[in-house]
Structures are given as C-alpha cells and as structure tokens.
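I opened my notebook to record what I looked up, entry by entry, with the sequence and the model side by side.

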Amino acid sequence: MTPAIEVVLADYRNAVHAAALVDLLDAYARDPAGGGTPLEASVRAGLPSALAARPQAFSVLAYDGAQPVGLVNCIEGFSTFACRPLVNVHDVIVLPSHRGQRVVQRMFARVEQEARARGACKLTLEVLSGNAPALRSYEREGFAGYQLDPAFGHAVFLQKKL
C-alpha cells in the first residue's frame with residue numbers, strides 16, 4: 001500500500017473536493033471501462049451541487065499528496081427485506097498511475113465506515129464482467145455474486161434509459 005494516500009469523505013460544497021470529483025469522474029467516463037465519452041459540460045458544472053442536494057449521496061476521495069487519485073460515489077437505497085438502508089457503490093475510479101496500490105481498499109474502508117454509520121445492512125455494486133482487475137479487487141473486499149435460491153440463478157443488473 002502507498003502510505004502517502006489520504007482518504008476523505010468528500011464535501012460537495014468544498015471547491016477542491018468538487019473539482020476532484022468532477023475531474024476523476026470525467027477521467028473514468030473517458031476510459032473504455034467508463035464508456036469512452038467525456039462528461040457533458042452541464043454534468044461537470046452541475047454534479048457537485050446536485051449531489052450536495054441529496055442527503056442519500058456521499059463520496060470518498062483518495063489523495064496522493066495534493067493530487068486526487070481515486071473516487072467512490074455512493075447512493076443510499078433501502079432494503080425492504082432488512083428494513084434498513086443499503087449503500088450502492090455507484091462509481092469506483094482509481095487513476096491508472098495508482099492502480100494496483102490498494103487505493104480501492106482504503107476507499108472501501110471509508111465507504112464501509114460511512115455505511116455502518118448510516119445503519120446500512122449491505123453494500124452493493126455492479127461491475128462489467130470483462131473488468132477482471134476490478135472484479136478481483138471487489139472480491140478481495142468481500143463482494144460476491146448475489147442469489148437467493150440457486151434454482152433462480154444469480155442477480156442480473158439491467159437498465160432502461162429514460
């Protein structure tokens with residue numbers, strides 16, 4: 001692990017944190033794993049304040065000195081089966097220069113701390129099946145496929161754009 005890495009809960013109203021969040025998310029969006037397309041200007045301009053307006057959202061930033069190198073965006077949901085909140089890990093970004101240095105491990109420790117403080121019963125996330133390094137990293141952190149009854153198979157993530 002890189003000892004210089006500092007992990008913090010983002011303050012969306014802090015200009016330095018807001019810029020780091022937008023820049024890291026844009027770097028991810030430009031990467032083939034994130035779709036290969038930069039964020040639209042309106043998203044870059046509006047995302048920090050939109051997240052700040054949602055108490056169910058939180059983000060974790062990783063810094064190597066003054067350089068932002070990692071980001072995890074989370075959105076609180078609700079488990080009806082547990083009657084407790086859950087936290088969906090929505091975006092995970094580590095700059096290529098810092099991959100393989102366990103930055104994700106440090107960020108997930110902070111995510112888990114915040115999730116527990118919110119009374120969450122679990123963390124959820126989705127990952128593209130071809131992103132083997134990310135999948136291995138998540139499995140090291142205790143994430144696993146989801147199923148209730150093996151006869152019904154594993155959960156599948158679907159989307160419908162509006």
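Before the surface entry I noted the rule for patches: they are made of residues with over 30% relative accessible area and no salt bridge, with like charges joined within 9 Å and nonpolar side chains (Val, Leu, Ile, Met, Phe, Trp, Tyr) within 5 Å. A salt bridge here is a side-chain nitrogen of Lys or Arg within 4 Å of a carboxyl oxygen of Asp or Glu, and accessible areas come from the Shrake-Rupley method with a 1.4 Å probe, where for residues only the protein chains shown count as cover.

I also wrote down that this is a predicted model, in which local features need pLDDT of at least 70 and side-chain atom pairs count only at pLDDT 80 or more, while totals for chains, interfaces and linings use all residues. Residues are numbered from 1 along each chain as its sequence is written, and side-chain values use heavy atoms, with hydrogens and water left out.

Surface entry: I found that Phe81, Tyr146 and Leu148 form a nonpolar patch on the surface, with about 420 Å² of accessible area together. Leu148 counts as exposed because its relative accessibility is 65% (exposed means over 50%, buried under 20%, partly exposed in between).

Tyr63 entry: I located Tyr63 in strand β2, residues 57-64 (strands are DSSP runs of E, at least two residues, and helices runs of H or I, at least four, numbered from the N terminus). Tyr63 counts as buried because its relative accessibility is 8%. Its contacts (heavy atoms within 4.5 Å), not counting residues up to four places away in sequence, include Ile5, Val16 and Pro68.

How values were computed. Buried < 20%, exposed > 50% of the residue type's maximum accessible area, 1.4 Å probe, protein only.
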